[in-house]
Amino acid sequence: MPRILIVEDEDKLRRALQRGLSDEGYDVTAVEDGDLGLAFAVEETFDCLILDLMLPGRDGMDILTTLRAGGFPGPILILSARGSLEDRVRGLDLGADDYLAKPFAWSELLARLRACLRRRTVGEASLLRAGRIDLDRVHRRLSCGAREVELTIRECELLEYLIRRVGQVVDRDQLAREVWGDPGVVQTNVIDVFVNYLRKKLDRVEASGMIDTIRGVGYLLKG
């Protein structure tokens, strides 16, 4: 079930979008301001972001720029009353995958959303890179230059999560929820054990020191 994040401050429209997309079978999270929307987009994993531009807090263009600069990989569909050619071109140039002006037809929104999700599926690379390391997600191989080591399924999932947030501090609660799917894991040392496993694998490909421990918070993968 694709996960969709809606960032829209107009209450009636936000509720209608959330209800309508949920009825279509999507897993929908909807928030009403830019700061909260950016936080959700960074801290959780979504298959597509539907983004208004005129928002309280951070505006949509700022969110778009920040996410793309940080390596946000998912498709972003702008949904805005600002429908001028200049606004559409600027949004697409800043990294939006599509731009739909309000008012819009429901059937067109659904079609554009499906197209965004198809492009994500087709274009999603099996190879992820952070700094000098590469992760082959399909074959679960970590490499640095000519050196290569195989990862377990959990090690691969953990490293992928860190790579997609390279340069960002990731707390243990996030890892428990997003990688293990079990918030209770944070009460054990399982996360620390697997981070240690990853560090040993990084040592084996001579990429030591890439994962920093942020005391009392979590971890940071350096690019």
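**How the terms apply: a helix and a sheet**

In strand E12, Gly218 is the bridge partner of Asp171. This is a predicted model, where local features need pLDDT of at least 70, side-chain atom pairs count only at pLDDT 80 or more, and totals for chains, interfaces and linings use all residues. Residues are numbered from 1 along each chain as its sequence is written, and side-chain values use heavy atoms, with hydrogens and water left out.

Q: Why are E10 and E12 called a pair?
A: Two strands (E, at least two residues, DSSP runs numbered from the N terminus) pair if DSSP finds at least two bridges between them. E10 and E12 (residues 218-221) have three bridges, in the antiparallel sense. So they meet the definition of a pair.

Q: What makes E10 and E11 edge strands?
A: E10 (169-171) and E11 (211-214) each pair on one side only. The order of this open sheet is E10-E12-E11.

Q: Which residues of H1 are buried?
A: Leu13, Arg14, Leu17, Gly20 and Leu21. Buried means under 20% relative accessible area, exposed over 50%, partly exposed in between (1.4 Å probe, protein chains only).

Terms used: Helix = DSSP H or I, 4+ residues; strand = E, 2+ residues; numbered from the N terminus.
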